Amino acid sequence: LIGTSNNNPMNATDSVHSQGFTTLSSITEATNYQDILSSENSNHQALIGRELELEILLNAYNLIKQKNSSQKIVIHGDSGTGKTSLAFAFQQIVIQNQGFFCTGKHFQDSCLGQESYSAITNAFSDLCDLVLQSNEFNEQRRTEIQEALGNDVELLVRAGTNISPLLNVIPQFASSEVKNEVVFARFKNVCRKFLRAMVSSEHPVVLFLDDIQWMDKGTEELVKFFLQDTEIRNFMLILAYRDEESTTIEKNIIKLDFDSVLSLENLNCHLVKDMIAVELGDDLEEINDLSALIFRKTAGNPFYVKQFISSIQKEGFLKKINGNWYFDTGVIRAEMM
């Protein structure tokens with residue numbers, strides 16, 4: 001199931017092509033999807049069965065880069081269906097096309113020490129490093145960012161964003177949470193200024209926030225603020241959440257308008273076979289039996305498929321000798337099922 005903002009999932013494929021979007025082959029140096037699969041840096045298994053989703057992400061990137069627009073996208077599905085893997089496979093293409101891809105992750109247990117907005121500030125710190133390391137960064141660019149942020153840059157420092165090296169200033173404020181309502185309003189505004197200052201048509205920004213079902217209330221307000229910004233250009237916001245751990249915060253977020261909603265499901269038996277073939281090769285006589293066995297064991301969940309392959313290797317039921325894989329499906333069935 002892949003839906004767009006009109007809530008009609010059957011229109012997803014048509015909308016990609018009927019609106020004149022540039023296809024995957026023209027946005028990257030790869031001429032087709034198989035070229036991406038064969039790329040040395042590609043995570044092959046992460047892309048199996050996710051061709052359409054990846055192309056929708058790439059077309060969205062084409063829009064923010066060439067049409068000076070913004071895109072808001074949700075990726076959801078059960079744990080293990082490959083939401084994060086899809087995002088990081090997309091990251092490789094963004095990097096190849098001069099984009100900045102920054103990431104913030106939420107964690108389930110707040111008692112682990114996660115501070116408010118930490119996912120946002122971690123992503124902003126990543127973005128600061130990417131801009132600082134880019135070949136085009138110079139003193140004029142630094143001055144432009146400083147002028148855009150003004151005195152409220154102190155709030156980014158206090159929230160824990162590592163912006164000081166980018167602006168070449170010594171932080172004068174200790175890291176602390178932004179709790180006061182008036183200060184929080186200023187903080188939201190400076191975050192918006194920060195994003196607007198960092199994006200450009202030459203270097204679009206993709207902000208990926210993972211596991212939003214665990215985001216704190218403050219981050220929820222910030223994300224809503226970003227989603228409602230109609231003036232930012234060359235920017236993509238990607239949110240990912242687990243279906244089985246749905247929360248009130250995440251439900252409030254997904255009620256808002258998104259350009260695309262990507263729903264990841266388990267793989268069918270044929271795709272599980274493709275996934276195993278990437279690892280073992282497709283010329284093995286027993287690959288059909290093994291893939292059918294693994295499909296029954298894992299229900300096609302990509303994470304569990306990889307775990308199962310790792311387990312049978314660890315147990316010695318799958319061995320690589322002189323470059324060739326050896327296994328006995330009957331033994332695996334008897335011992336692992």
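This is a predicted model: local features need pLDDT of at least 70, side-chain atom pairs count only at pLDDT 80 or more; totals for chains, interfaces and linings use all residues.
Trainee: Let's start with helix pairs. At what angle do α7 and α11 cross, and how far apart are their axes?

Mentor: Think of each helix as a line. Then look at the angle and the spacing of the two lines. Helix α7 covers residues 118-133, and helix α11 covers residues 181-198. Their axes cross at roughly 30° and come within 12 Å. Angles under 35 degrees count as roughly parallel, so α7 and α11 are roughly parallel to each other.

Trainee: Is the crossing of α7 and α11 left-handed or right-handed?

Mentor: The crossing of these two helices is left-handed. Now look at the side that each helix turns to its partner. From α7 come F124, L127, C128 and V131. From α11 come C191, F194, L195 and M198. By class, this contact has eight nonpolar residues, no polar ones and no charged ones.

Trainee: Next, α14 and α16. At what angle do they pack?

Mentor: Helix α14 (residues 269-280) packs on helix α16 (residues 302-314) at about 40°. The axes lie 11 Å apart. The two helices are therefore oblique to each other. The crossing of α14 and α16 is right-handed.

Trainee: Which residues of α14 and α16 meet?

Mentor: On α14, find V272, M275, I276 and E279. On α16, find P302, V305, K306 and I309. This contact has six nonpolar, no polar and two charged residues.

Trainee: How is α15 placed against α16?

Mentor: Helix α15 spans residues 287-298. It packs against α16 at about 120°, with the axes 9 Å apart. So α15 and α16 are oblique to each other. Their crossing is right-handed. L293, I294, K297 and T298 of α15 meet Y304, V305, F308 and I309 of α16. The classes here are six nonpolar, one polar and one charged.

Trainee: Now the largest pocket. How much space lies in it?

Mentor: The largest pocket holds about 320 Å³ of space. It is lined by 20 residues. Closest to its centre are G80, T81, G82, K83 and S85.

Trainee: Which helices each supply at least two residues of that lining?

Mentor: Look at α4 (44-47), α6 (83-96) and α16.

Trainee: What classes of residue make up the lining of the largest pocket?

Mentor: Count them by class. The lining has six nonpolar, seven polar and seven charged residues.

Definitions and conventions. Residues are numbered from 1 along each chain as its sequence is written. Side-chain values use heavy atoms; hydrogens and water are left out. Axes are lines fitted to C-alpha atoms, for helices over the stretch in contact, and angles run from 0 to 180 degrees between N-to-C directions. Helices (H or I, at least four residues) and strands (E, at least two) are DSSP runs, numbered from the N terminus. Angles under 35 degrees count as roughly parallel, over 145 as roughly antiparallel, 65 to 115 as roughly perpendicular and the rest as oblique. A crossing is left-handed if the near helix is turned anticlockwise from the far one by less than a right angle, and right-handed if clockwise. Contact means heavy atoms within 4.5 Å. Ala, Val, Leu, Ile, Met, Phe, Trp, Tyr, Cys and Pro count as nonpolar, Asp, Glu, Lys and Arg as charged, and the others, Gly among them, as polar. On a 1 Å grid over the protein atoms alone, a cavity is a set of points where a 1.4 Å probe fits but cannot get out, and a pocket is an open set with protein on both sides within 12 Å along at least five of seven lines; lining residues have an atom within 4 Å of a point. Grid points are joined across faces, edges and corners, and a volume is the space filled by probe spheres set on the points.
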